[in-house]
Amino acid sequence: MPYIPHTADDIAGMLRAIGAGSIEELFDEIPAHLKTGALEAVPAALSELEVARLMNQRAAADAGALNFIGAGAYEHYIPAPVWAIATRGEFYSAYTPYQAEASQGTLQLIYEYQSMMAELTAMDVSNASLYDGASALAESCLMAVRANRNVDSLRILVPRTVNPTYLHVVRSIAGNQGLCFDTVDYDRRRGVITLDALAAAAPGATALVIQQPNFFGNLEDVGALTDWAHARGMLVIAVVNPTSLALLEAPGRWGTAGADIVCGEGQPLGCPLSGGGPYFGFMTTRQAHVRQMPGRIVGRTVDASGRPGFTLTLQAREQHIRRGKATSNICTNQGLLVTAASVYLSLMGAAGLERVADACLQANHALTQALCDLPGVRLAFDAPRFHESALLLDRPVAPVLARLAQRGVFGGWDLSAQYPELGHALLVCATETKSAEDLARCAAELRGALETAR
Amino acid sequence: MKSLAMHEPVIFDLSREQRTAAAQHVPALAAGAQIPAPLRRARRPRLPEVSELQAVRHFTRLSQMNFSIDTQLYPLGSCTMKYNPRICNQLAMLPGFLQRHPLAPESAGQGLLGCLHELQEMLKAVTGMRAVSLTPMAGAQGEFAGVAMIRAYHRARGDLARDEIIVPEAAHGTNPATASMCGCKVREIPCDANGDVDLDALRAALGPRTAGIMLTNPSTLGVFERRIEQVRDLVHTAGGLLYYDGANLNAILGKVRPGDMGFDVIHMNLHKTFSTPHGGGGPGSGAVGVAQRLAPFLPIPLVLKQGDAYRWAEERDLPQSIGRLSAFMGNTGVNLRAYVYMRVLGREGMRRVAEFATLNANYLLARLAALGYEPAYRGRRASHEFIITLKRLQREFQITAMDVAKRLLDYGYHAPTTYFPLLVPECLLIEPTETECLQDLDGLVSALEQILREAREEPSLLTEAPHSLPVKRLDDVRAARQLDLRWKPPA
């Protein structure tokens with residue numbers, strides 16, 4: 001019996017201790033006519049060898065392509081110690097650190113993670129993480145409504161340069177509480193938000209969301225946008241890529257006063273792409289808003305003999321204490337991914353992360369150059385960029401991408417469904433994982449795909 | 001060496017300027033030359049500067065300061081801390097799965113999509129629901145999806161007044177918090193002295209504003225709701241829907257299905273019932289299952305099979321969907337682990353989960369009751385977990401549930417859940433799970449027997465516990481009043 005240790009003698013002795021004649025008798029409070037018959041739709045058991053054979057075949061069938069898709073999830077090199085540490089049973093198979101004395105390892109690690117994220121974003125405090133970047137933005141919007149005491153409004157400005165899927169998720173999660181989201185159009189030439197477009201939005205919103213780099217990979221003028229929002233009593237919610245923060249100004253120092261809430265997708269920090277998850281969302285904020293922040297928070301304190309130690313704190317915000325009046329229904333963080341991210345950031349340090357960010361920037365610029373040298377390919381926007389570029393093709397993108405995929409290259413993300421006004425737009429990404437040969441191959445395959453179609 | 005009795009500095013205090021873990025670093029190229037000066041970072045973040053060995057040793061030592069399933073029996077009620085088979089992790093981390101970009105073409109992801117589709121089908125089979133979406137990223141998000149679907153269903157019928165969710169007072173805190181997040185009002189109803197829902201209170205709460213009821217069965221009181229069919233009929237007759245909180249699905253897997261009990265929507269905690277790791281507090285995965293009438297509202301994406309090919313269902317397939325809850329497909333890697341687990345257990349293994357979890361719980365209950373520990377619901381069968389109340393110990397010796405919990409840590413057992421559910425005074429909620437063997441259960445019984453003796457003879461062993469861990473009890477009041485939430489360099 002897989003994972004069941006009981007011998008026949010064990011079972012007999014245990015039933016005697018209980019005073020029951022059979023295991024079935026233990027279920028005698030369940031009405032007999034409700035009981036389940038055989039589960040025909042579940043296949044018969046496999047041994048570990050058999051299931052390994054099956055999964056190896058399936059994984060191999062999916063493997064091997066050269067990937068240039070980003071659009072919110074980014075392929076980075078993950079140092080060997082990261083998952084060797086994260087999959088240690090003591091981290092992997094522990095639960096939420098409710099018993100602080102028996103969970104000092106997880107608690108101290110989260111405290112260190114909070115410290116690193118606060119540093120990286122130049123904010124005062126961080127929580128212990130949320131599910132992913134999109135849900136972190138939803139929680140940030142809900143938090144902004146609670147935290148903004150100047151403006152009594154449920155409206156939030158979301159420029160169209162914010163990841164459109166994030167906006168979809170934010171609407172799914174926060175829409176039920178009456179929040180509404182006004183979109184702001186972007187400048188067609190530069191692919192960024194302008195103050196003119198913001199000025200055209202209806203006044204009186206609670207917060208402005210700014211994504212940096214934005215969904216097109218372009219760099220927004222974050223200082224001016226932040227000051228514009230603050231001058232109108234809005235809070236600023238920054239959505240940032242953590243890798244980029246090694247090179248780009250931290251949201252805590254945007255404009256005169258800095259952003260108020262910072263969130264984003266933590267996946268680039270040591271989490272594999274893994275078909276979409278598990279990733280983690282991060283969130284940092286100002287000290288003044290800490291009691292409005294959702295999610296677990298770890299604090300350092302002392303024990304009964306005065307030694308330093310760590311514990312979950314500010315739990316009065318949370319569902320297990322406040323029930324229906326909690327800041328969120330969230331009950332966990334993404335502990336294992338936070339473990340990976342903490343090891344990753346410790347191995348990188350600021351200097352190593354800077355090199356990663358720079359290598360991504362250089363790879364993307366080299367790729368963009370090589371692709372734009374092809375006939376029928378040009379840059380969509382004239383703006384500084386990080387590790388993604390929006391390109392325009394002279395024909396529909398989907399058939400081109402399909403041809404590239406047949407040749408083992410995932411050539412980017414087709415923007416035409418989300419941004420039809422751009423025409424045949426394609427978002428490409430290159431990170432430090434791509435060698436000069438990889439970039440050359442991408443360009444050669446795209447050339448081939450464009451010629452085949454002609 | 002007693003590895004648990006140690007202190008480890010905060011990693012920032014191990015740092016020295018310019019020290020690096022050089023092997024993992026990529027070459028320096030152009031220092032971000034293309035970024036305009038006003039957008040550049042002005043000051044480097046103060047991240048750790050340590051060698052690779054320092055980092056590995058630091059985090060390894062931190063790991064040794066944790067209790068975990070791999071190192072201790074972890075009878076944490078309502079959390080189902082069963083063995084997380086290593087094979088599940090190993091196979092979910094095969095390069096073909098790990099390196100897959102979520103937006104990569106479906107044609108090049110049929111292996112993964114096939115696993116996820118089969119997982120959906122197996123979850124339908126064991127819950128008796130008609131359709132499943134794997135997209136919610138944790139139990140609380142599954143709850144959110146469930147209540148959002150209930151609301152969407154009523155709205156789609158033009159039944160706009162239904163904005164109340166009924167929740168038994170014993171419910172997990174996420175239930176009322178979820179109802180609030182969905183914009184619903186919460187009506188809490190009591191349970192009777194035997195732990196069943198108080199039907200008169202339920203009747204009084206039901207009405208034209210009832211959107212639905214959220215139930216856990218077996219309940220958080222560790223007993224099966226015997227009148228579930230009456231509850232179902234009352235709620236359905238009043239026009240409400242029944243939501244099943246899958247927190248305790250382990251207790252009934254393969255024995256009775258929520259769909260057959262009449263539930264309209266359920267969430268499952270794959271990190272409990274299907275043994276994916278808890279990871280120190282996540283990631284979870286909170287798949288949702290629904291009856292036919294709620295299928296159009298399922299969160300996207302979910303996997304469809306057309307002929308021999310799999311693809312993601314999107315907005316155009318489910319125009320009435322409550323929408324997306326994550327940037328991509330939910331916690332795919334967690335779902336893969338659950339898939340491997342279910343394939344290894346197979347058809348017969350499902351039923352064994354509930355049977356041996358229940359056997360272990362009833363055995364522990366019988367042994368502890370014989371020692372003088374007081375069951376909260378005497379005369380009821382334990383499900384996969386049970387509650388003992390220490391109110392007598394508290395009265396006679398001023399010993400609290402927290403004291404017993406902390407003392408158990410000294411004996412090398414993780415504590416049971418304490419002070420939940422809120423309505424049982426001084427309670428311990430104990431869930432051994434099916435993967436614990438008899439010797440280890442007996443070890444826990446011996447420890448609790450010894451602790452009872454200590455309570456009478458030397459209570460300071462309990463009130464000052466733990467004695468053998470890296471820290472003694474922590475000052476939670478100070479933690480909340482003098483907030484220290486991040487490392488800062490010495491002034």
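**Ground rules.** I number residues from 1 along each chain as its sequence is written, and chains are lettered from A and ligands numbered from 1 in the order in which they are written. In this predicted model local features need pLDDT of at least 70 and side-chain atom pairs count only at pLDDT 80 or more, while totals for chains, interfaces and linings use all residues.

**Chain A.** I looked up the secondary structure and found 13 helices and 15 strands in chain A, where helices (H or I, at least four residues) and strands (E, at least two) are DSSP runs numbered from the N terminus. Its C-alpha atoms fill a box of roughly 80 × 55 × 50 Å along the principal axes. Of the 454 residues in chain A, 61% are buried, a residue being buried if 20 or more other C-beta atoms, placed from the backbone, lie within 10 Å of its own, exposed if 12 or fewer do, and partly exposed in between.

**Chain B.** I found 15 helices and 13 strands in chain B, and a C-alpha trace that spans about 70 × 70 × 45 Å along its principal axes. Buried residues make up 61% of chain B.

**Contact between the chains.** I noted 163 residues from chain A and 170 residues from chain B in the contact, with two residues in contact if their C-beta atoms, placed from the backbone, lie within 7 Å. Helix H11 (residues 335-372) of chain A gives the most to the side of chain A that touches chain B, with 21 residues. That side divides into 85 nonpolar, 52 polar and 26 charged residues, where Ala, Val, Leu, Ile, Met, Phe, Trp, Tyr, Cys and Pro count as nonpolar, Asp, Glu, Lys and Arg as charged, and the others, Gly among them, as polar.

**The sheet of chain B.** I traced an open sheet of seven strands in the order E1-E7-E6-E5-E4-E2-E3 (chain B), with mixed pairing; two strands pair if DSSP finds at least two bridges between them. Strand E1 (131-133) and E3 of chain B stand at the edges with a single partner strand each, so one side of each has no neighbour in the sheet. E4(B) and E5(B) pair in the parallel sense over four bridges, and B:Leu215 has B:Tyr244 in E5(B) as its bridge partner. H6(B) packs on the sheet, touching E2, E3, E4 and E5 of chain B, and its direction makes about 175 degrees with that of E2(B); axes are lines fitted to C-alpha atoms, for helices over the stretch in contact, and angles run from 0 to 180 degrees between N-to-C directions.

**Helix H6 of chain B.** I checked the burial of helix H6 (residues 174-181) of chain B: eight of its eight residues are buried, so the helix is largely enclosed by the rest of the structure. The buried residues of H6(B) pack against several elements, including helix H10 (319-322) of chain A and helix H5 (139-156) of chain B. B:Gly183, which follows H6(B), has a positive phi near 75 degrees.

**Domains of chain B.** I recorded domain 1 (87-345) and domain 2 (349-477) of chain B, with bounds that come from an automatic or database domain assignment. Their C-alpha centres lie 30 Å apart, and 19 residues of domain 1 are in contact with 19 residues of domain 2.
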